[in-house]
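Welcome! Please take a moment to look over the sequence and the fold before reading on.

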Amino acid sequence: MDTRSPEPPRIAVAIPCYNEAAAVASVIAGFRASLPGAEVVVFDNNSTDGTAEEARRAGAEVVPVPEQGKGHAVRAAFARLADRDVVVLVDGDGTYPAEAAPRLVAPVLDGTADMVVGARRPEAGAGAMSPVRGLGNALIRSAFRLLVGRPSGDLLSGYRAFSRRFVDSVRLTSAGFEIETELAIAASMLGLPTLEIPVPYRPRIAGTVSKLSPLRDGLRIVRTIVARRKSGLEVRK
């Protein structure tokens, strides 16, 4: 009779970063506390403010990503962490609560979902999300519903947990902030179960600056939806 204890699940937290030196140590500490035993890996996308050094001092592994853009950092994370049981993806600016991570991981571990999305709920009065960004998010969700044809919630959340099957199944191509939309489209087209869990969305930690351009990146996201819609139609012909 085998009395050995089962191996614990291999969980990794992937943090794509570009110039988040003011926040990254706090983010790392939060996830090390909320997910004891998980690997914490920062995918540093050519930061010039000492992000990589701060991350190492905080105890994280740092992986350089030379090709500029969040999509490249996420793709590097999927390639590096493909054999983990769960990959948690989170921004390095402190807007997402690390204490919610166990709630995102649990449905992946029990087989309920292959992708769990932390659906953003901006904290009242905190100014975490500008009206322009809120409107843009709503318009992008409408485009997704119209062109992809499936209900969607928070398409642009940067806080997600993925199963090994998800990471193995998707073939990502995005370079920039359209990567979150590509993840949602991939889940829809591949029939990978997705679950949303509401999480607080907080203002960025002081000293960090958003890299997202609402107009430029919004147009790239819509183009991604249209392009993937066309490719999906071609596959079904």
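How many aromatic pairs does the structure hold? There are six aromatic pairs, and this report comes back to some of them below. Please keep in mind that the model is predicted.

## The sheet

Let us begin with the strands. Seven of them form an open sheet with mixed pairing, in the order S3-S2-S1-S4-S6-S5-S7. Strand S3 (61-64) and S7 stand at the edges with a single partner strand each, so one side of each has no neighbour in the sheet. On average, neighbouring strands are turned by 25 degrees against each other, direction ignored.

## Helix H4

Now for a closer look at this helix. Within H4 (residues 101-109), the buried residues are Ala101, Leu104, Val105, Pro107 and Val108. Viewed down the helix axis, they fall within an arc of 160 degrees, so they line one face of H4. In general, an α-helix has 3.6 residues a turn, so residues three or four places apart point the same way.

What covers the buried residues of H4 includes helix H1 (24-34), together with strands such as S1 (11-17) and S5 (115-122). Just after the helix, Gly111 takes a positive phi of about 85 degrees.

## The nonpolar cores

Which residues touch the most other members of the largest nonpolar core? They are Phe31 and Tyr159, in a core of 34 residues. The elements giving two or more residues to this core are S1, H1, strand S2 (39-44), helix H2 (51-57), S4, H4 and S7. Leaving aside residues up to four places away in sequence, Phe31 touches Val13, Val88, Val90, Ala98, Ala101 and Tyr159.

Apart from this core lies another, of 25 residues, including Val87, Met115, Val117 and Val170.

## Aromatic pairs

Back to the rings. Those of Tyr96 and Tyr159 have centres 5.3 Å apart and planes at 50 degrees, so the pair is tilted. Tyr96 lies in the loop between S4 and H4, and Tyr159 in the loop between helix H5 (131-148) and S6, so the pair ties together parts 63 residues apart in sequence. Tyr96 counts as buried at 6% relative accessibility, and Tyr159 counts as buried at 0%.

Phe162 and Phe166 form another tilted pair, 4.9 Å centre to centre with 40 degrees between the planes. Finally, ring pairs link Phe31, Tyr96, Tyr159 and Tyr201 into a cluster.

Key
Residues numbered from 1 in each chain as written. Predicted model: local features only at pLDDT ≥ 70, side-chain atom pairs only at ≥ 80, totals over all residues. Heavy atoms only, no water. Buried < 20%, exposed > 50% of the residue type's maximum accessible area, 1.4 Å probe, protein only. Helix = DSSP H or I, 4+ residues; strand = E, 2+ residues; numbered from the N terminus. Arc of directions from axis to C-beta. Contact = heavy atoms within 4.5 Å. Pairing = 2+ DSSP bridges. Axes fitted to C-alpha atoms, helices over the stretch in contact; angles between N-to-C directions. Core = buried A, V, L, I, M, F, W, Y, C linked by side-chain atoms within 4.5 Å. Phe/Tyr/Trp six-rings, centres within 6.5 Å; stacked < 30°, edge-to-face > 60°.
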